Amino acid sequence: MTNKTNAAIDARRIAATPRGIGIGFPIYAERALNAELWDVEGRRYIDFGSGIAVLNTGHRHPRIVEAIRAQLDRFTHTAYQVVPYESVVSLAERLNRLTPGTHAKKTAFFTTGAEAVENAIKIARAATRRPGVIALGGGFHGRTFMGMALTGKVVPYKTGFGPFPGSIFHVPAPIALHGVSVDDSLRAIEKLFKADIEPEQVAAIILEPVQGEGGFYAAPPAFMRALREICDRHGILLIADEIQTGFARTGKWFAMDHYDVVPDLMTMAKSLAGGTPLSAVCGRAEIMDAPAPGGLGGTYAANALAIASAHAVLDVIEDERLCERAQVLGDRLKARLEGLRARVPQIADVRGLGAMVAVEFAGADGAPAPVFTKQVQNRARDAGLLLLTCGVHANVVRFLFPLTIEDAVLNEGLDILAVALQA
Ligand SMILES: Cc1ncc(COP(=O)(O)O)c(C=O)c1O
């Protein structure tokens, strides 16, 4: 018999599962709907984390549930690379149209975000026949070996797991708030080309247009433009990791839509499929075709249930105008946070594109304030609001509520947040 208290299940978790899978909140989910979640003890929470940016369309959107149910009644699995199905082709066609750039594109589907990153690097290496990849400090690209190698943060993601794949290099991300300018970052790339690897051996530069785990820092447009120019000059591919930024979160379909620069390859996952595991790499057709048949794939890649879910996600984003909604919600949240600045001196910065908003905390001396950040998160949780933190110093609260959140639920969550910030 299952013991339905959080404490009892948590004791069993500690005995039965390894501590390496760190748990954000020791509350056990029973059910969820849109931006609300109930635990096994019947306690209700407002979910401002969306399962780490997966639920831009909310928990169990009726159209998504219906799409998955309809697919369940047809078939769940054939292995797409053994017996394919048309829904994959039509989803690729839709993403090829929706992603930035009017050039010919192709899309391949996988399962997790890290797998999309792995495959983007495989494709870039196959297309360029070069080994090197440049990534940014503070960036996060997943927990597989290439994902870890590209990730620009050691603790906890890389601790004890090396050695990592070679030919991966990091340069500092341009974050003015932390004293790193666009020129500083560009100089670091030039230094890399002199000290570590010639540009002709670099396959790709990969970056998140807005760093997710790293702290919700948007790449300055001048930096993105300069990267495009460096890539064009040296035959390097530009890869945008849109796994956290995609699907209306930033007020546009993709964060790259905010830039006048088009990437060669893009990785997608998370909110692509509304809570079912699906990821994708989309890019220039000739680059995507570089790997030979059989070089890409996976048993569960393009899982039929996840593909059905993704079609419904795209329909909901279009029909409910979630890009516009993200901008409205993000503006409302930013105004609320700005209004609290006078009473919460720890607020060092409020920033965000669309609804991809974060608030950063620092002490009176300007030093990052991770303890305060944790206190805010705990106080909010105790009052029934789930918040996620991020940032290399763990001093940022990031907001990732569903873009379908009801106004009343959003306001209730913001009221809890205001109290948690001032307690
Ligand atoms: C930008 C980015 N890339 C890659 C990943 C890895 O995705 P997954 O956890 O699905 O493997 C994440 C996950 O947080 C991410 O935010």
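In strand β6, I168 is the bridge partner of V133; strands here are DSSP runs of E with at least two residues, helices are runs of H or I with at least four residues, and both are numbered from the N terminus. This is a predicted model, in which local features need pLDDT of at least 70, side-chain atom pairs count only at pLDDT 80 or more, and totals for chains, interfaces and linings use all residues. Residues are numbered from 1 along each chain as its sequence is written.

- Strand β5 (residues 132–136) is largely enclosed by the rest of the structure, because five of its five residues are buried. A residue counts as buried if 20 or more other C-beta atoms, placed from the backbone, lie within 10 Å of its own.
- Both faces of β5 are covered, with G132, I134 and L136 buried on one side and V133 and A135 buried on the other.
- β5 pairs with β6 (residues 168–171) in the parallel sense over four bridges; two strands pair if DSSP finds at least two bridges between them.
- β5 also runs parallel to strand β7 (residues 202–207), to which three bridges join it. Within β7, I205 stands opposite I134.
- A right-handed β-α-β unit is formed by β5, helix α6 (residues 145–150) and β6. Right-handed means that, with the strands pointing away from the viewer, the path from the first strand over the helix to the second runs clockwise.

**Surroundings of the ligand**

- The ligand is surrounded by 15 residues, and the closest are G113, A114, G142, I243 and Q244. A residue is near a molecule if its C-beta atom, placed from the backbone, lies within 6 Å of it.
- Helix α5 (residues 113–128) gives the largest share of this shell, three residues.
- The shell comprises six nonpolar, six polar and three charged residues. Ala, Val, Leu, Ile, Met, Phe, Trp, Tyr, Cys and Pro count as nonpolar, Asp, Glu, Lys and Arg as charged, and the others, Gly among them, as polar.

- The chain is divided into domain 1 (6–60 + 320–422) and domain 2 (65–319), with bounds from an automatic or database domain assignment.
- Taken over C-alpha atoms, the centres of domain 1 and domain 2 are separated by 25 Å.
- The contact takes 28 residues from domain 1 and 30 residues from domain 2; residues are in contact if their C-beta atoms, placed from the backbone, lie within 7 Å.
- On the side of domain 1 that touches domain 2, the largest share, five residues, comes from α11.

Technical notes:
Buried ≥ 20, exposed ≤ 12 C-beta atoms within 10 Å, placed from the backbone. Contact = placed C-beta atoms within 7 Å.
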